[in-house]
Amino acid sequence: MGSPELASLYQQVILEASKQKHGFGLRPEDHPSNHQLNPTCGDEITLQLVTDASGETVEKLAWEGQGCSISMASASLLTDLTAGLPVAELPERIGLFRELMQSKGAGIEDDEPLGDAAALEGVSRYIARVKCAMLAWTALEGAMMESAAK
Amino acid sequence: MTLNHPIDDAEAARLAADFPALDQEVNGHRLAYLDSGATSQKPTAVLDAERDFYEHHNAAVHRGAHTLAALATERFENARAKVAGFIGADVDEVVWTSGATEALNLIAYGISNASAGLGGEEAKRFAIGAGDVIVTTEGEHHANLIPWQELAARTGATLRVIPILDDATLDMESAAALITPEVKLVAFTHVSNVSAVINPVSELVALARAADALVVLDACQSVPHMGVNVRELDVDFAAFSGHKMLGPTGIGVLYGRSELLNALPPFLTGGSMITTVTLEKAEYLPAPQRFEAGTQQVAQAIGLAAAIDYLDAVGLDRIHEREAELGARMYRGAAAIPGIRVLGPSEAALRSGVVALDVEGVHAHDVGQYLDDRGIAIRVGHHCAQPLHRRLGVTASTRISPYFYNTTAEIDAVIEALGEVRAYFGLAD
Ligand SMILES: Cc1ncc(COP(=O)(O)O)c(C=O)c1O
């Protein structure tokens with residue numbers, strides 16, 4: 001079976017999230033959205049930022065895509081994390097997640113604000129997989145940019 | 001001396017000892033390098049040849065009259081002769097490129113330059129335009145697809161694609177129907193880098209000849225692994241890369257029939273490829289120099305010659321046989337695992353040693369990670385062949401590509417790990 005490092009990469013919460021795919025299924029209405037593709041492996045995601053009427057609070061992310069367990073779990077965990085959050089807080093969380101992914105296995109001081117998504121810390125040890133974990137988060141950034149441009 | 005006994009595990013292990021990069025631990029396990037289809041490892045003899053060149057003979061070739069320049073030029077041209085002998089070509093039919101990708105683009109841009117009216121009278125035979133057809137196949141590496149798409153877009157010619165069947169072999173009935181008299185060029189791979197399919201070269205060449213079309217062979221996955229004689233195959237052009245056959249990166253080969261190379265306009269232009277230059281125009285040297293503009297990759301060419309010496313000493317027939325054996329073992333082992341689908345034909349005679357597969361419910365990236373954890377290096381993804389994967393109904397696959405330095409124990413370790421993958425990712429059998 002796998003090594004302890006591998007087990008920390010593929011924690012139970014990640015494997016489960018990769019199957020549950022919270023938020024999977026795009027909304028028929030128009031929402032700020034973004035498409036991201038990882039050309040090396042073909043993983044892709046289209047993500048919609050669905051907010052309340054004021055536009056200030058995330059109602060829930062909606063997304064569709066296909067890819068490895070890390071990219072799928074990450075999208076699911078991002079959906080869980082952001083539901084109900086003020087849109088204004090998103091850049092900080094995304095920034096924190098990016099910092100965690102770039103930590104090369106060292107982690108970050110306070111990963112509390114990332115909720116269960118902090119379980120993806122193990123990914124940061126595997127440079128080739130960071131892109132997988134970032135896919136949904138980059139798509140969310142793109143969707144926010146589209147929303148700001150409107 | 002030609003050896004004819006088969007390569008066994010003991011010999012493979014002895015040969016592997018010539019490759020410094022194979023002698024290391026990865027994630028606490030001895031490295032099992034099974035990604036030679038992407039790039040092979042290099043024996044000390046190749047590293048030494050490059051080093052020796054830089055230490056003793058380094059100089060620009062075909063320029064200057066000093067002693068080192070002469071020595072460097074001699075070694076560079078000897079390397080060309082070595083390659084020519086290796087593939088059954090004449091020495092002036094071997095053009096150095098940075099790799100197969102550049103070689104294929106060189107042909108496409110040469111044709112496009114001819115189509116734009118460059119290259120004079122003799123280049124007219126290459127000119128194509130609206131109404132003309134280029135043919136390639138659905139099973140190609142992007143390097144043998146996109147240059148033809150772009151050539152068609154530049155010239156107004158049409159691109160036709162020979163479809164592959166469910167087992168990734170070419171649909172030869174369609175090939176016969178598609179290769180009509182309007183076809184000017186037929187480009188296809190000798191051996192697929194994904195499905196392992198060995199294409200029926202002679203049948204395709206016959207169809208192309210009947211249409212009076214040029215034949216371009218992507219020999220990237222054949223030249224390193226089996227004896228290839230371009231004259232016997234009767235192709236017009238062939239392309240391959242040094243780094244997949246024990247040689248350095250940055251060196252590749254375009255073979256072209258002499259008569260064609262001397263008529264094809266150059267792709268890259270600049271120093272070292274001309275006879276007379278005025279402020280208005282330039283006259284090109286004959287092939288191969290007309291295609292070798294700029295300072296050449298001399299050390300890499302010399303490294304490639306050393307690689308060919310190494311391959312010759314082991315023996316291409318023995319290499320081919322050994323890889324077929326490793327591939328068949330891999331195929332049998334993988335195909336017997338529930339939930340694993342091996343891509344490509346089941347008939348051994350149609351396959352090279354490569355095995356690409358899909359693990360149902362587990363993404364190739366995750367499969368690759370699981371194997372890497374055991375020190376097993378394989379490739380995951382679309383392997384630069386998206387249309388092929390799409391046709392076979394997968395976005396990515398896991399590819400095991402052995403070389404003669406691999407052992408059956410390494411293959412068995414992959415099979416064992418593959419047998420555990422689905423359970424590890426929570427999928428019941
Ligand atoms: C069948 C095939 N064609 C073309 C290429 C392109 O070779 P290179 O990237 O060395 O130019 C490759 C290697 O990736 C290949 O496997």
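Me: What should I know before I start, say on numbering and cut-offs?
Reply: Residues are numbered from 1 along each chain as its sequence is written, and chains are lettered from A in the order in which they are written. This is a predicted model, where local features need pLDDT of at least 70, side-chain atom pairs count only at pLDDT 80 or more, and totals for chains, interfaces and linings use all residues, while side-chain values use heavy atoms, with hydrogens and water left out.

Me: Okay, the sheet in chain A. What is the order of its three strands?
Reply: The order is E1-E2-E3, in an open sheet with antiparallel pairing. Strands are DSSP runs (E, at least two residues), and helices are too (H or I, at least four), numbered from the N terminus. Two strands pair if DSSP finds at least two bridges between them.

Me: Which strands are at the edges?
Reply: Strand E1 (33-38) and strand E3 (58-66) of chain A. Each pairs on one side only.

Me: And how many bridges join E2 and E3 of chain A?
Reply: Eight, in the antiparallel sense. E2 of chain A covers residues 43-51. A:Gln48 stands opposite A:Ala62 in E3(A).

Me: Which helix lies across that sheet's strands?
Reply: Helix H5 (residues 127-149) of chain A lies across E1, E2 and E3 of chain A. It runs at about 150° to E1(A). Axes are lines fitted to C-alpha atoms, for helices over the stretch in contact, and angles run from 0 to 180 degrees between N-to-C directions.

Me: New topic. Is B:Ile378 buried or exposed?
Reply: B:Ile378 counts as buried because its relative accessibility is 13%. Buried means under 20% relative accessible area, exposed over 50%, partly exposed in between (1.4 Å probe, protein chains only).

Me: Where is B:Ile378?
Reply: In the loop between strand E15 (376-377) and strand E16 (379-381) of chain B. Beyond neighbours within four places in sequence, its contacts include B:Leu34 and B:Thr398. Contact means heavy atoms within 4.5 Å.

Me: Now the interface. How many residues of each chain are in contact?
Reply: 17 residues of chain B touch 22 residues of chain A. The buried area is about 1600 Å². That is accessible area (1.4 Å probe) that two parts lose on being put together, summed over both.

Me: Which side chains form the salt bridge?
Reply: B:Asp366 and A:Arg129, at 2.9 Å, N to O. The count between the chains is one. A salt bridge needs a side-chain nitrogen of Lys or Arg within 4 Å of a carboxyl oxygen of Asp or Glu.
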